[in-house]
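Here are some questions for a reader new to this structure. Each answer sets a value against its cut-off.

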Amino acid sequence: GSSGQFLKTNASGALSFGSGGKILQYKYKEVSGTTYSTTSSSFTNISDFDLTVTPTSATSILIIQVNLRVALWHATGNGGSMTFRISDDNASTYLSDGYVYIYRYDTGGIYWEGADTQVTSVVAGSTNARTYKLYYKVDSSDMGRINQNNSTNLMDRSSIQVMEVAA
C-alpha cells in the first residue's frame, strides 16, 4: 500500500488496500440572534439555515446534521407537535424527519423546550452544487419556535453542518 491507505477485507479473507473514509470538506453554519416562530401547519423554510455544498466527488458520502434549540406551546389539553425536515431539492422530497410531541392529560395548555438533532447521509451522485434547507411546521393551534429559551429569555444557537467523506 501507500501513505493514507488502510488494509481491508472482503469478508472472505481476501485482503486489499483502501483509502475511503477521509474527510474531504466540512461546512458549518451557526444560526443565532433571531427567534423563528411559526403557527403554520404547512412546511416553511427558514432560509438562514440554507447551506450550499459542492461535492468534490460523485461517489462521496455527504453527512448532514442539524442541531436545533426548540420551544413548543400547545394551548389546550391533549397533545401538540412540531416537525422538522431537511431537503436538498426545495422540498419536493425530504432527506430526514425530526419530530417533537408533547401531551397533557387535562384541559390546560402545555409548554416544552429542548433540542432536536437530525443526522442523515446521502451519496453525492454528482459534483453539482446543492443547497440543504430546513423546513418546519406545527399542528393546528400550536406555536413552535427555534432559538428561543423562554426560561432565561436568551437566544440559543442552532446549526447546520455538512461533511463530505470519501467513499
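Strands here are DSSP runs of E, at least two residues, numbered from the N terminus. The model is predicted.

Q: Where is Ala91?
A: Ala91 sits in the loop between strand 8 (78-87) and strand 9 (96-104).

Q: Why is Ala91 called partly exposed?
A: Its relative accessibility is 24%. Buried means under 20% and exposed means over 50%. Ala91 is in between, so Ala91 counts as partly exposed.

Q: What is noted about the phi of Ala91?
A: Phi is positive, about 75 degrees, although Ala91 is not a glycine. Asn90, in the loop between strand 8 and strand 9, has a positive phi near 55 degrees.

Q: Why does Asn90 count as exposed?
A: Asn90 has 54% relative accessibility. The cut-off for exposed is over 50%. Asn90 therefore counts as exposed.

Q: What makes Thr83 buried?
A: Thr83, in strand 8, has a relative accessible area of 10%. Buried means under 20%, so Thr83 is buried.

Q: Which residues does Thr83 touch, not counting those up to four places away in sequence?
A: Thr83 touches Phe43, Asp97, Gly98, Tyr99, Tyr135, Tyr136 and Lys137.

Q: Why is Phe17 called partly exposed?
A: Phe17 belongs to strand 2 (residues 15-18). Its relative accessibility is 46%. That value lies between the 20% and 50% cut-offs, so Phe17 is partly exposed.

Q: Which residues make a nonpolar surface patch of about 330 Å²?
A: Leu7, Leu15 and Phe17 make the patch.

How values were computed. Residues are numbered from 1 along each chain as its sequence is written. This is a predicted model: local features need pLDDT of at least 70, side-chain atom pairs count only at pLDDT 80 or more; totals for chains, interfaces and linings use all residues. Side-chain values use heavy atoms; hydrogens and water are left out. Helices (H or I, at least four residues) and strands (E, at least two) are DSSP runs, numbered from the N terminus. Buried means under 20% relative accessible area, exposed over 50%, partly exposed in between (1.4 Å probe, protein chains only). Patches are made of residues with over 30% relative accessible area and no salt bridge: like charges are joined within 9 Å, nonpolar side chains (Val, Leu, Ile, Met, Phe, Trp, Tyr) within 5 Å. Accessible areas come from the Shrake-Rupley method with a 1.4 Å probe; for residues, only the protein chains shown count as cover. A salt bridge is a side-chain nitrogen of Lys or Arg within 4 Å of a carboxyl oxygen of Asp or Glu. Contact means heavy atoms within 4.5 Å.
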